[in-house]
Amino acid sequence: MTTLMFILGIVVFAFGLLVSIAWHELGHLSTAKLFGIRVPQYMVGFGPTVWSRKKGDTEYGIKAIPLGGYIRMIGMFPPDNAGRISARSTSPWRGMIEDARSAAYEELQPGDETRMFYTRKPWKRVIVMFAGPFMNLVLAIALFFTVLMGFGIQQQTTTVASVSPCVIAQSENRDTCKKSDPASPAQAAGIQKRDKIVSFAGKPTKDWNTLSDLIRVSAGKDVPIVVERDGKQLTLHAKIAVNQVAQKDSSGTYVQGKYVKAGFLGFSSATGVQKQGFGDSVTWMSDRVGDAVDSLAALPGKIPALWDAAFDDAPRQPDSPMGIVGAARITGDIATLDIPASQQVAMFVMLLAGFNLSLFLFNMLPLLPLDGGHIAGALWEALRRNLARVLRRPDPGPFDVAKLMPVAYVVAGIFVCFTVLVLIADVVNPVKIS
């Protein structure tokens, strides 16, 4: 049964992946057609075609390998300066440029002269190329809101799960008390398991982060603590100790391996599934976007550890880059967890939302062959033409993105190598649910 659920989780993820890719390409397709650009193909996947149907002048289909998708637009690159496709050059770099230009015109038909991508104004091309990643962003936001406001997320609460008998510096990484360790303020105050802390130092504590921050800034102070126990409220008093505790960043997340001196009460908080309001959901998502941007910027620095995890049997870090295979394994593991089905669905939807957010950010990088590279080319063309108009100079014409194809091949090669490395790590040393 466990194996069956694991396989089912992978199948569900594969379907979600296909929907995300199709949704991305639909953004490109719809805006391209809106601006009169001819689109011969709309495909989800790569490799041999499994199914296709032609409607109008576009062939819609699904291919065998669900690892991406594409649409083909006529005239992605402008012709050369003579207005034609040049004969192939003996230079390998020039050959790349000419091959790319030829591919952009190989399906050209009579009447397509006014339906080519490069003939559209730069702002229209920006919209066409931005529409794909934007669709992923919209889907990510919708999925995040579904989980946060519909299912809720696991959070620390103000309910006491256990009381620490003594004060132990968190950096010492031990659970047993020594005779020299002083009693914890929580135990001395009479706080018990399952107490719900309602207020601290006269301030209401509706969530764990509020309570945690109040404790941390109250080192050495005698404070009243109101707890709810068996339906009744009791007022207790505690002298907050000074202790070495885990450092928190601006979003309230604990920073691994870093500690600060701060107030310490001495209890572990219980966790529970809590639905978020609209404002809290927006704040949570903005924090996740910031985390995703930071992770993308830190990606090159994680490659050595990823290499060691793949080939030197080093432990796989929890924040290690993870590919489609790794994400599929995670969804398989989620399906086998002994938790309510609603939480399994919530975890899967959250993972899919994170995938779509990453797809948006990754595609916005200003590098060919990514969507962001075409956007950068269109913006540069607009800048050149507007500058020429202001200076009363001749129109420089469309910017020839095809000349950047050698760089695009290098970037694509780096991406392929990185993808293979992540794939190997996901197979031999996968990230696991903690």
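This is a predicted model: local features need pLDDT of at least 70, side-chain atom pairs count only at pLDDT 80 or more; totals for chains, interfaces and linings use all residues.
1. Residues are numbered from 1 along each chain as its sequence is written. Local features need pLDDT of at least 70 and side-chain atom pairs count only at pLDDT 80 or more, whereas totals for chains, interfaces and linings use all residues, and side-chain values use heavy atoms, with hydrogens and water left out.

2. The model has one disulfide, a term for a pair of cysteine sulfur atoms within 2.5 Å. The bond joins C166 to C177, with 1.9 Å from S to S, and the link is left-handed, at -95° about the S-S bond. Both C166 and C177 lie in the loop between β3 (153-163) and α4 (185-189), eleven residues apart; helices (H or I, at least four residues) and strands (E, at least two) are DSSP runs, numbered from the N terminus.

3. C166 is buried at a relative accessible area of 4%, while C177 is partly exposed at 36% and C417 is exposed at 56%. Here buried means under 20% relative accessible area, exposed over 50%, and partly exposed in between (1.4 Å probe, protein chains only).

4. There is one cavity of 30 Å³ or more, where a cavity is a set of points, on a 1 Å grid over the protein atoms alone, at which a 1.4 Å probe fits but cannot get out, and lining residues have an atom within 4 Å of a point. The largest cavity holds about 90 Å³ of space, a volume being the space filled by probe spheres set on the points, which are joined across faces, edges and corners.

5. Residues lining the largest cavity include M76, F117, R125, H374 and E381. α3 (122-151) and α10 (371-390) are the elements that give two or more residues to this lining, and α10 gives the largest share, three residues.

How values were computed. On a 1 Å grid over the protein atoms alone, a cavity is a set of points where a 1.4 Å probe fits but cannot get out, and a pocket is an open set with protein on both sides within 12 Å along at least five of seven lines; lining residues have an atom within 4 Å of a point.
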